[in-house]
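Open the model in your viewer and keep the selection tool at hand.

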Amino acid sequence: MVIPQQQLHSKQLFFNYCKSCEPIPGSPEELQRFEEIQKAFSGQFELFFPDNLANKTIIVIPSLTIDQEVLKKVAGSLHYEERLLCLLMLLRMPRTHVVYVSSMPIDPVIIDYYLHLLPGITGYHARQRLTLLSCYDATKVSLTQKILARPRLIERIKEALPAGHVAHIACFNTTGYERTLSVKLGVPIYGCDPSLMHWGTKSGSRKAFLKAGIPMPPGAEELKTYDDIVHAVAALKDMHPHIKKAVIKLNDGFSGEGNALITYPEHIDKKGLFNWIHHNLDKKIEPVAEGLSVQTYLEKFYDMGGIVEAFIEGVHKKSPSVQCRVNPLGEVDIISTHDQLLSGINEQVFVGAHFPADESYRTEVGAMGKLIARELQRTGVLGRFSIDFISVKEDDRWKHYAIEINLRKGGTTHPFLMLQFLTNGHYDQTSGVFKTPNNQRRCYFASDNLQSEAYKGLTPQDLINIAMFHGLHFDGASQTGVVFHMIGALSQYGKMGIVCIGSSPEEAVELYKKTIAVLDAETAVK
């Protein structure tokens, strides 16, 4: 059918008019529209979320909208967008649709891998309710910025929303870019209002811990300049002579990559120490991010600010994390506890996690996390977030220090969601244990950094074939086994993620070791 030129002209005028009506990003008009959209979310949540048969659509925007200079130091960072493919498990609800947007197209083999995991739903039925969209853009710009630069892609997202469906956006973190996208789509975000994101910075975290009455390492926040760092590092040693190192942290660091350490010199007086720090800070600090120069690190610090705090020493030291959720009705839940596995300079970089955390303290850190979460809820914080601790054993008791709040999804989010969706089980806040519907306990070990030079060249098809042949695939009958993620990073970077689910922590770790042994054997030079 040929559309008359006059009708085409009218459509173009309407399109231009709609564009002119859109509020300027960050303007009072946009903030007001976003607030109105978010207010309606509580009613949607109450009516539709508990109903597995409700007509609803989740728009997944797995954008890591953080400092790209720091992020690019993470190998295969573009493929971190694949971590939220765990949300495809929402398709187990037979009337739920998912719209998944990524920077680059995701291999159909990877999509099929996830759909095959769905319990009680055929892959065909799920695929009919899944819309995959891509920017076809691998540049070092956040995914959300790429989407905003493509108005036709935004229109395609709108067109993918079925009539009569309620919808919301699920994203990795929420910034002004995600707020602008929410307003353009007219769809709420299940996440924190960007105006409250200060509580997720290193400085904001320390303020929240103080309000909640939770112990934290001695230190100073809201630092901006070179002199601020010098004075804070010197004052820390003056007030706490026993400490040996200080940690300098960017307010918006990611996965420990925004940290730097400085070791205090021995046998020096107060005045001499200040002079030494003043003249040597830019020479002696050690940025954790590989390849990040001290000069670049300090420039980042001057731009975003940060904190200085004591490096906590300990013979027996753990790094537990508490994952929390505030829903649109204001209800606060502790979702999980983990013991994080850290590596790098003085163990500052997150590489994996054991679930649940150690039995001797998991309910204790969970209770501390809930106090902090309630304080955040009072400020208006919404969605999933995590609180990290450092725990040191002293005289057979654990002493816990809160160190940061991550007002976003993180490295412990997708493994837990996979466990929850695959088993339909639940986490008991009182015991700190996860149980399946038939009351069986489940644990896991998860990592985003299973990496080897030998794995380079393995395609997604290769990995899945290896997993099937060696019996590593998740078994729905026993509800144990291995689930892979970030598979798209494997061939180029020799890197991927893994979740090893067992009936005990020991079984989960054994599955991890078995997987490595299998992969190493399969990729050994013959």
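Which residues line the second largest cavity? Select Pro62, Leu64, Tyr80, Arg83, Leu84, Phe172, Lys409, Gly410, Thr413 and His414.

Before moving on, note the ground rules. This is a predicted model, in which local features need pLDDT of at least 70 and side-chain atom pairs count only at pLDDT 80 or more, while totals for chains, interfaces and linings use all residues. Residues are numbered from 1 along each chain as its sequence is written, and side-chain values use heavy atoms, with hydrogens and water left out.

**Cavities**

On a 1 Å grid over the protein atoms alone, a cavity is a set of points where a 1.4 Å probe fits but cannot get out; lining residues have an atom within 4 Å of a point. Points join across faces, edges and corners, and a volume is the space filled by probe spheres set on them. By this rule there are 5 cavities of 30 Å³ or more.

The second largest cavity holds about 50 Å³. Its lining splits into 5 nonpolar, 3 polar and 2 charged residues. Here Ala, Val, Leu, Ile, Met, Phe, Trp, Tyr, Cys and Pro count as nonpolar, Asp, Glu, Lys and Arg as charged, and the others, Gly among them, as polar.

Keep Phe172 and Lys409 selected: they also line the largest cavity. The largest cavity contains about 70 Å³ of space. Its lining has 6 nonpolar, 3 polar and 3 charged residues.

**An open pocket**

Stay on Arg384 and look for the second largest pocket. Arg384 lies nearest its centre together with Leu90, Arg325, Gln420 and Phe421, out of 32 lining residues. A pocket is an open set with protein on both sides within 12 Å along at least five of seven lines. The volume of this one is about 1000 Å³.

Now colour the elements. Helices (H or I, at least four residues) and strands (E, at least two) are DSSP runs, numbered from the N terminus. β1, β4, β12, β14, α15 and β16 each supply at least two lining residues. Select α15 (413-423): this helix gives the most, with 4 residues. By class, the pocket lining has 18 nonpolar, 8 polar and 6 charged residues.

**Helix pairs**

Next, show α8 (151-159) and α9 (176-185). Their axes, lines fitted to C-alpha atoms over the stretch in contact, are 10 Å apart at an angle of about 60°. Angles run from 0 to 180 degrees between N-to-C directions. The pair is therefore oblique, the class left after under 35 degrees (roughly parallel), over 145 (roughly antiparallel) and 65 to 115 (roughly perpendicular).

Move to α5 (108-116) and α16 (460-469), whose axes come within 9 Å and cross at roughly 35°. Val109, Ile110 and Tyr113 of α5 meet Pro460, Gln461 and Ile464 of α16. This contact has 5 nonpolar, 1 polar and no charged residues.

**Backbone stops**

Most residues other than glycine have a negative phi, and most peptide bonds are trans. Select Phe355 and Pro356: the bond between them is cis, with omega near -5°. Pro356 sits in the loop between β13 and α14.

Finish at Asp395, in the loop between β14 and β15. Its phi is near 55°, a positive value in a residue other than glycine.

Key:
Contact means heavy atoms within 4.5 Å.
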